[in-house]
Structures are given as structure tokens and as C-alpha cells.
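Notebook open, model loaded. I'll jot down what I look up as I go.

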Amino acid sequence: MLAGAVEPLPAAETATARPNVILIVADDLGWGDLGCYGNPDLDTPVLDRLARTGVRLTACYSPSPLCSPARAGFLTGRWNHRTGAVDVSSNRGVDRIELSERTIGDHFRAAGYATAYVGKWHSGLYLDDYLPDRRGFDRFVGFANGAHDFERWQLERRKAAADGQPETCRVEPHDGRHLSDVLADEAAAFVRESAAADRPYAVVFAPAAIHPPLQAPQPLIDKYVTRLAGRGDQAVAITYAMIEQMDAGIGRLLATVDEAGLRERTLVIFTSDNGANLVWSGLKGQTGQRFHGPFRGNKGDVLEQGIRVPGIVAWPGHIPAETVIDTPVHGCDWLPTALAACGIRAVDGSKPLDGMNLLPLLAGGPASGLADRPLCFQKTRYTPVAHSNAAIRQGRWKLVWPPIPETMRKDVARDNLSYERGLTHAHWEMPLDPELPDYAGAVSDRPQLYDLDADPGEARDVAMDHPDIVARLTAAYDTWFSEVEAEWRAARERIVDHDEASWRHRTPPGPQKLFPDGKR
């Protein structure tokens with residue numbers, strides 16, 4: 001439910017006096033991938049300065065340790081399972097946010113805001129109904145795939161149908177610029193245009209960095225090769241170069257806000273979709289292993305390094321500067337927080353939000369209802385499995401069920417062909433491959449209990465010492481999973497039914513055309 005809501009703000013004299021929102025969601029950026037989180041090798045002056053002007057959250061959790069389900073939580077303010085998005089294989093539709101769900105774009109557009117989504121989408125593709133311009137965003141500039149080539153990009157520019165004008169879409173081929181720079185400049189252009197039109201704005205900026213392919217300007221790569229001096233492989237040098245480049249792009253976006261005189265009217269939220277990938281970089285023989293604070297785990301894991309991410313919030317005059325907050329917060333909180341900041345009620349008929357309004361906490365108030373609320377996580381391939389790669393955190397305690405190996409395997413040969421084509425091709429439509437495994441009979445290990453206050457690295461399992469806490473957290477988690485898994489099954493059925501209906505009277509593109517010789 002939408003908790004901790006504030007009263008709507010009084011009517012403003014002009015549109016631009018209404019608060020604006022910029023939600024920035026980086027890709028695969030771990031807790032340790034910023035200077036202000038203790039990384040000794042990185043230059044991230046813009047985000048470090050943003051943290052000094054507002055709040056830095058040390059226990060900020062993504063909704064999921066993997067991209068699409070995490071983004072579903074950010075966009076809807078609801079546990080990702082409820083929405084239908086539980087994995088990343090777009091060809092099977094497990095990344096899709098079911099069409100009855102309402103996004104941040106829907107809520108803000110209904111309130112009269114200009115809305116835009118800039119960057120990586122990956123919340124439903126291969127059918128136009130799931131793209132941003134049909135999910136509440138006036139404008140989409142970016143790509144729909146799970147990743148994109150930073151040098152050979154094909155940028156989609158889509159505008160939603162409005163005021164009697166039809167929906168428009170065009171593809172712009174790469175022009176020599178790096179994709180990170182293109183996306184940052186597009187976000188800045190949207191802010192500039194909205195301000196010039198005297199219209200409040202809500203923009204989701206989703207940089208593609210630092211997801212592979214690892215590509216960055218050579219001078220920045222050379223800088224970090226020299227700085228690391230053998231303490232990290234080439235993948236780390238490129239990754240750090242991409243982060244610094246992303247930081248500079250965010251700087252240009254925020255400079256546009258300043259130029260328009262809107263910084264004190266703009267709530268800025270920065271976070272990441274999941275933890276760092278420390279075991280695979282896309283470069284042969286190089287893992288990308290690097291500074292990750294005290295935490296253990298990897299992207300895709302429910303261990304802390306997989307789900308605990310940077311969280312920075314700034315809103316001068318409303319949120320005190322130079323504040324550090326250790327209270328656990330969740331990615332589903334960003335939507336209700338943004339709605340409360342702007343005095344907007346959720347769209348009529350929309351589903352209850354699971355996140356909570358963080359404004360009282362961010363403004364220096366008590367962590368009422370936040371410090372001890374249970375936060376649940378679960379991520380397996382294709383189909384949710386209750387006690388595989390699952391966790392619940394409540395207060396200092398975290399209960400973890402290790403992954404069941406067979407529930408974590410991706411069918412790469414079947415699923416990656418379309419993903420790889422999407423690295424250099426614009427969005428296209430094709431029917432779903434609806435088959436999903438059910439993992440009947442999968443057997444889980446006993447859960448492990450960690451005291452995160454004493455052991456943030458999750459090194460010592462204390463389950464045998466606290467059977468009462470294990471039992472209590474298990475019961476709470478099982479109640480949560482039973483509820484959200486049932487909603488996932490219902491959402492999945494509607495997603496498949498809608499896809500089948502959409503292709504009933506159309507001829508799908510042939511595989512030979514899309515994947516000649518099995519290649520992109």
C-alpha cells in the first residue's frame with residue numbers, strides 16, 4: 001500500500017513552480033562503484049557532489065538482483081513478481097510489465113507533467129504495446145533491448161499519440177558519438193524543452209552504462225590503466241572509464257536543470273538496477289573484479305553485493321545536505337516518494353503500491369515503519385521458486401536460501417540470439433516463445449541467517465544459534481511469496497494471452513530474416 005503519503009501541495013502559480021522529478025537508474029553499477037561510497041580509484045565528481053548536497057543511503061536495496069525485474073519495481077512501486085517481470089529473457093516475455101500495471105509515467109502524465117524515458121528500457125519488447133510511449137511516457141529516446149552497442153547504436157525515438165496526433169517512431173543510426181553521451185544529452189534536451197514550455201517534467205534517465213559491451217573513450221581507459229597499475233584488469237579500467245563518462249553526462253543533465261533555475265524545484269534520485277557483475281565482463285579471461293565494499297555476492301545473487309546499490313537523493317530546500325542514512329530503503333519506494341514530493345495521487349484504479357514514501361526520513365525525521373519492515377527478494381530463471389536464491393531482511397537480520405543450481409541456468413542457445421541481434425539493431429516485433437520450466441521437485445538447502453549489523457559481508461551463518469528468528473522470518477517470507485507468486489501466475493497468463501491475440505491476424509517475421517545463418 002502507499003504508505004506515509006503527504007497532503008497534496010497547494011496549487012502553484014505557474015507550471016514550473018510544481019516540483020519536477022529526475023529518476024536516474026544506472027545499469028550494473030555496484031555499491032562500491034562511486035567515489036562517495038569509498039572507491040579509492042574512481043573519479044565521480046558529479047555524483048559525489050550530488051551526495052554532498054543531499055542524502056547518501058548506505059542500505060539502499062534494488063527490488064531484484066537482475067535488470068528487468070528490478071526496473072519493474074522502480075517503474076511501478078510494486079513487488080516485481082506482481083507485475084509479471086521476473087527475469088530478463090525478452091523472447092519469453094518474462095521481462096514484460098503486464099499491461100494493467102501503471103508506471104511512474106502514467107501517474108505523472110495524468111497529473112499534467114511532461115514525461116520521458118531516456119535510455120535502456122528492457123521492460124517488455126518484441127511487441128509495441130509494452131514500449132515506453134504506450135506506458136505513460138510522452139517520449140522515449142533509447143533502446144528496448146537488454147543492452148546495446150555503445151558505438152554501433154540504433155537509437156529509437158518514439159512519441160506517444162496525443163491531442164489527435166498519431167504515435168510516431170523513427171530510428172536514428174549511430175553518428176560517431178558514444179551512446180552514453182547521446183543519452184545524457186537527450187535527457188538534458190528534454191528538461192530544457194519542458195522548462196522552456198513552462199511545464200513540469202518527470203524523466204526516467206536509464207544510462208546503459210556500465211552493462212557490457214564494455215566500451216569507453218580511449219583517453220579515459222588509458223587514464224585508469226595507468227591509475228590501476230596492475231591492480232585491476234583491462235575490464236576494470238574500461239568499467240571505470242564508463243562510470244566517469246556517465247558521471248560527466250549526469251553533470252550536463254543537472255547543469256541544464258541549474259540553467260533553467262529549477263534545481264530547488266527538482267527532486268533528483270540516483271540509484272542502480274542491481275549490484276556489480278564481478279565474475280563476467282564480456283572480455284575473454286577478465287572478470288571485472290573490483291572494489292565492492294564489505295559485501296559478498298554478485299549481480300543475480302540475493303547476497304548483499306547483488307541487491308544493495310547506491311542511493312543518492314537531492315532536493316535543495318527540502319532535503320538537508322551532507323546527510324548519510326543507514327535505514328534500509330527499497331527500490332519500490334521511489335515512486336511513492338516522488339508522488340508525495342509532487343503532491344500527486346496515484347491514477348484512479350491503479351493497484352496498491354508496495355513501496356513507502358521516504359520523504360519524512362529523507363527530511364531528517366524518524367524512520368517510522370521503515371527500520372523493521374520486512375524486505376523480500378527472490379530471483380530464479382524464468383519461473384519463481386520459493387526457496388531458491390531468496391532472502392528476507394528485517395532489521396539487523398537477513399535470512400537467505402542459497403540458489404538451487406537447476407533453477408539458475410539460462411538457456412543461452414535459445415534466448416541469446418535475439419538479445420545479441422538487439423545489440424546493434426533497433427526494436428522489432430515477433431511472437432513470444434511462451435514455454436517456461438516449472439522446476440517441480442527442486443529441493444532447497446536450509447536457510448542461512450546473517451546479522452548484518454555485526455557481519456555485513458555475510459560470512460558467518462548464525463541460523464543454528466537463533467532458530468526462533470529463522471522460524472519467524474521464514475513464516476513472513478513464505479506468506480509474501482505465496483501472495484506475489486499467485487499474482488505472477490495471473491499476470492503471466494494475461495501476458496501470454498495478449499501476445500497470442502496480437503499475432504492472431506498478423507504474419508510474424510521469419511527467423512531466416514531476423515537471424516540469417518543463426519547470426520545477428
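How many bridges pair strand E14 with E15, and in which sense? I find E14 (residues 397-401) and E15 pairing in the antiparallel sense over 4 bridges. My numbering of helices (H or I, at least four residues) and strands (E, at least two) follows DSSP runs from the N terminus, and I call two strands paired if DSSP finds at least two bridges between them.

Ground rules, before I go further. This is a predicted model, so I keep in mind that local features need pLDDT of at least 70 and side-chain atom pairs count only at pLDDT 80 or more, while totals for chains, interfaces and linings use all residues. Residues are numbered from 1 along each chain as its sequence is written, and side-chain values use heavy atoms, with hydrogens and water left out.

**Sheet E12 to E15**

I wrote down the order of this open sheet of 4 strands as E12-E13-E14-E15, with antiparallel pairing. Strand E12 (375-378) and strand E15 (448-451) each have a single partner strand, so one side of each edge strand has no neighbour in the sheet. From one strand to the next, the twist averages 15°; axes here are lines fitted to C-alpha atoms, for helices over the stretch in contact, with angles from 0 to 180 degrees between N-to-C directions.

Then I went through the pairs. E12 and E13 are joined by 4 bridges, and Gln 378 has Ala 390 in E13 as its bridge partner.

E13 is mostly covered, with 4 of its 5 residues buried (under 20% relative accessible area; exposed is over 50%, partly exposed in between, with a 1.4 Å probe and protein chains only).

**Loop between E12 and E13**

I stopped at Tyr 382, which sits in this loop. Is it buried or exposed? Tyr 382 counts as buried because its relative accessibility is 3%. Tyr 382 and Pro 437 are 55 residues apart in sequence, yet 6.9 Å apart in space, C-alpha to C-alpha.

**Strands E4 to E6**

E4 (residues 139-143) and E5 pair antiparallel over 4 bridges, and E5 is joined to E6 (residues 168-173) by 6 bridges, also antiparallel. Arg 157 in E5 is the bridge partner of Val 141, and Arg 157 also stands opposite Arg 170 in E6. E5 (residues 154-159) has 5 of its 6 residues buried.

**Cores**

A nonpolar core here is a set of buried Ala, Val, Leu, Ile, Met, Phe, Trp, Tyr and Cys residues joined through side-chain atoms within 4.5 Å. The largest has 61 residues, and those with the most contacts inside it are Leu 34, Phe 205, Ile 250, Phe 270 and Ile 312. Helix H7 (residues 234-259) gives the most to this core, with 13 residues. Apart from it I noted another core, of 53 residues, including Phe 108 and Trp 121.
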